[in-house]
Amino acid sequence: MWQYEKKLQYPVKIANPNPKLAQLIITQYGGPDGELGASLRYLSQRYSMPYAEVKGLLTDIGTEELAHLEMICAMVHQLTRNLSEEEIKGTPFANYFVDHTTGVYPVAASSVPWRAEYIASKGDIITDLHEDLAAEQKARTTYDNLIRMVDDPDVLDPLRFLRQRELNHYQRFGEALRLTSDRLNEKNFYSFNPSFDKHCNK
Ligand SMILES: [Fe+2]
């Protein structure tokens, strides 16, 4: 179960609405490497993890990604609230507005709606951890690309925080992969006892 704290993991306080930026930043909610897919990926993968440490890590990171999803939604909301039709017309956000008004809806910057394939849960510890390492780097790249497009310091600040967390998650998944490899290798031991070798080589 989860307990909800009525605050964001990191503050989002955007003074100036900007529909163009909202159209880009929504990708970290509903895009292929966004926070919705990340949270559901880790919270789904944990059921087939054989080691308690890795299961716990997936629960921790999956939960944190939910908090990131909440930050992205807050950013999109703050960037689009109180806009007039005139401010929306002629911007890339106009297409989104026609379908969703200013409701927060999971789509990519390219307007493709969120897809279940982004979860990528395969049921194999090595496969899933490699998926997770790549996912964190893809999310980091997406934050890098967003940061390139943004000038507003109110928007840059939470984006930089979120980018840093992806690096931290990458490190932790790397540790989990190392622990997993060590555990799997524990079964591969070598003996200098000739009778044992004879037994193994029969
Ligand atoms: Fe992450």
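Q: Leaving aside neighbours within four places in sequence, what is Leu177 in contact with?
A: Leu177 is in contact with Leu129 and Leu133, once neighbours within four places in sequence are set aside. Two residues are in contact if their C-beta atoms, placed from the backbone, lie within 7 Å.

Q: What kind of model is this, and how are residues numbered?
A: The model is predicted: local features need pLDDT of at least 70 and side-chain atom pairs count only at pLDDT 80 or more, while totals for chains, interfaces and linings use all residues. Residues are numbered from 1 along each chain as its sequence is written.

Q: Back to Leu177: where is it found?
A: Leu177 is in helix α8. Helices (H or I, at least four residues) and strands (E, at least two) are DSSP runs numbered from the N terminus.

Q: How far apart are Leu177 and Leu129, in sequence and in space?
A: They are 48 residues apart in sequence, whereas their C-alpha atoms are 6.3 Å apart in space.

Q: What span should α7 have, and what are its ends doing?
A: Helix α7 covers residues 125-149, and at 1.5 Å a residue its 25 residues should span 36 Å. The end C-alpha atoms are 36 Å apart, which agrees. The expected span is 1.5 Å times one less than the number of residues.

Q: How do α7 and α8 cross?
A: Their axes come within 9 Å and cross at roughly 160°; axes are lines fitted to C-alpha atoms, for helices over the stretch in contact, with angles from 0 to 180 degrees between N-to-C directions. The two helices are therefore roughly antiparallel, a label for angles over 145 degrees. The crossing is left-handed, that is, the near helix is turned anticlockwise from the far one by less than a right angle.

Q: What classes of residue make up that contact of α7 with α8?
A: There are 16 nonpolar, 4 polar and 7 charged residues. Ala, Val, Leu, Ile, Met, Phe, Trp, Tyr, Cys and Pro count as nonpolar, Asp, Glu, Lys and Arg as charged, and the others, Gly among them, as polar.

Q: How about α4 and α8?
A: The axes of α4 and α8 come within 11 Å and cross at roughly 165°. That makes α4 roughly antiparallel to α8, and their crossing is left-handed. The contact residues divide into 10 nonpolar, 3 polar and 4 charged. Among those in α4 are Leu57, Ile61 and His68, and those in α8 include Leu162, Arg165 and His169.

Q: And α3 with α4?
A: Here the axes come within 8 Å and cross at roughly 160°, so α3 and α4 are roughly antiparallel. Their crossing is left-handed. The contact includes Leu36, Ser39 and Tyr42 of α3, and Ile61, Leu66 and Leu69 of α4. By class, the contact has 9 nonpolar, 4 polar and 2 charged residues.

Q: How many residues of α3 are buried?
A: Helix α3 is mostly covered, with 9 of its 11 residues buried. The buried residues of α3 pack against α2, α4 and α7.

Q: Changing topic, which phi values do Ser111 and Ala120 have?
A: Phi of Ser111 is near 80°, and Ala120 has a positive phi of about 50° although it is not a glycine. Most residues other than glycine have a negative phi.

Q: Where do these two lie?
A: Ser111 is in the loop between α6 (93-100) and α7, and Ala120 lies in the loop between α6 and α7. Ser111 counts as partly exposed, with 14 C-beta neighbours inside 10 Å. Ala120 is partly exposed, with 17 other C-beta atoms within 10 Å.

Note on methods: Angles under 35 degrees count as roughly parallel, over 145 as roughly antiparallel, 65 to 115 as roughly perpendicular and the rest as oblique. A residue is buried if 20 or more other C-beta atoms lie within 10 Å of its own, exposed if 12 or fewer, and partly exposed in between; C-beta atoms are placed from the backbone.
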